Amino acid sequence: MAFPKYLFILSSLLILLVVYTCSKKNNIKPGFPVLPDPVLPNDMDYWLTKSDQSVLLQKQPTFLSFSDTALNNYPNILIDSTISYQSIDGFGYTLTGSSATLINKMEKSARESLLKELFTNDSGSLGISYLRISIGASDLSSSVFSYDDIPNGQVDLSLAHFNLSNDTIDLIPILKNIIAINPTIKIMGSPWSPPAWMKDNNSPKGGSLVPGYYKVYAQYFVKYIKAMKGNGIPIDAITIQNEPQNENNNPSLLMSATQQADFIKNDLGPAFTTNSIQTKILIWDHNCDNPAYPLFILNDPGAAPFVSGTAFHLYGGDITALSVVHKDFPLKDVYFTEQWTSASGNFGGDLLWHIKNVVIGSMRNWSKVALEWNLANDPNFGPHTPGGCTECKGAITINGSTIQRNVSYYIIAHASKFIPPGSKRISSVSDSNLIHVAFKTPSGKKVLLVLNEGTNTINFNISHGGKKVKVTLDAGSVGTFIW
């Protein structure tokens, strides 16, 4: 039987329809070879921490590629690396006496592993580049001491009894280990109190430095810097006094702006000059609620030439106080030197507040460093002096040779791991509610730290060099972007 003509036509159309459908589905033109989809380059690395702790400083697998055109209406963060601001000295913590004690008591291999994790500069470490230490005891030392403790009723005007013996047990050995790992790390020293015999209340807690002992105390600083250098530990900077308006710590000292200015211009500054000491002198080292204190000293023509900068904490006031001082004295540096996280704090709340203020906030307000408070504590938030802080949570908790990484670990890591010393803050502006700061590293990489403190995921563009890359940042998250 002959094949009907209409069936032939129908079958031919059906075959053509199938071919067309398949080629359309696979984007294939009949008669042409099948080509693979183009592979876009990954132009940017992206590290993320979420406030719910589901992601903790993890590199994201997302491929981020810059494009010449923006195909969206998302907000932008515009990076201009031709506009630069302050250079960065580093990020880190205070290596308190208790921190040093706990680390030094760890089993040797665990201690070595921890120090490498914290202080090496490779991709697997935090890259901590700046440390603050106490000159004598802080309230997070296991006992109260100075470097010239003598019996009550005696004085030591020649400082014949000066010695670092308490620090030779734990602090100095750990510092030597750290310097061996990272020889370029910078160290700042801050006193909580002079020797008690120099004070008007003859006590390590509270009271004021007796003016008649100003010159002796200046020599105390000189001896300290020389003794630390003799142990292979250079001191980059000192502050005159930790929290000079807080007499509640044990130890502590009250010191007015007038007293600090007089001590610097008449005694400490000349003593440093006479002894060819290059260690920087920093003032204030207290809260952002009283910028008038450092401004008073910087306006003193006798004291100001000896002062390199001002140090701040943020237990009161607003982080913009750093810019208040910078505006009037742009040639004097500003430093952010302490902020604690509490034993009763919430991980997410602390992460967002500290990233916003301590890291991004201090950097956008001209700081050269951003330091959290205590590096390490034990499970009971010790050791500490009698009356010392009982709920200061360290970046890590050390229990024997076991460590637990706490929120402060991740706060600093999002900067220290990616922004080495010598980096410069560069311009970053945005039409969004995102909080951000950008840097250019000595090797030429760009680093952008972005915080989404809101309750909704945000899509946005990072714009640089005339190109854009679209990224997504979940609610309550911090991201560090590197390209």
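Residues are numbered from 1 along each chain as its sequence is written. In this predicted model, local features need pLDDT of at least 70, side-chain atom pairs count only at pLDDT 80 or more, totals for chains, interfaces and linings use all residues, and side-chain values use heavy atoms, without hydrogens and water.

**Exercise 1. Find where the confidence is low.**
Start with pLDDT, the predictor's confidence in each residue, from 0 to 100. The protein chain averages 93, and 92% of the residues score at least 70. Next, look at residues 1–10: pLDDT stays under 50 there, and the model has 1 contact (heavy atoms within 4.5 Å) beyond four places in sequence for them. Residues 13–37 also stay under 50, with 4 such contacts. Where pLDDT is low, the predicted coordinates should not be read in detail.

**Exercise 2. Describe how H9 and H10 pack.**
Helices are DSSP runs (H or I, at least four residues), numbered from the N terminus. First locate H9 at residues 347–364 and H10 at residues 407–416. Their axes (lines fitted to C-alpha atoms over the stretch in contact, with angles from 0 to 180 degrees between N-to-C directions) come within 9 Å and cross at roughly 35 degrees. Then list the partners: among them, Phe347, Leu351 and Ile355 are on the H9 side, and Val407, Tyr410 and Ile411 on the H10 side.

Note on methods
Helices (H or I, at least four residues) and strands (E, at least two) are DSSP runs, numbered from the N terminus.
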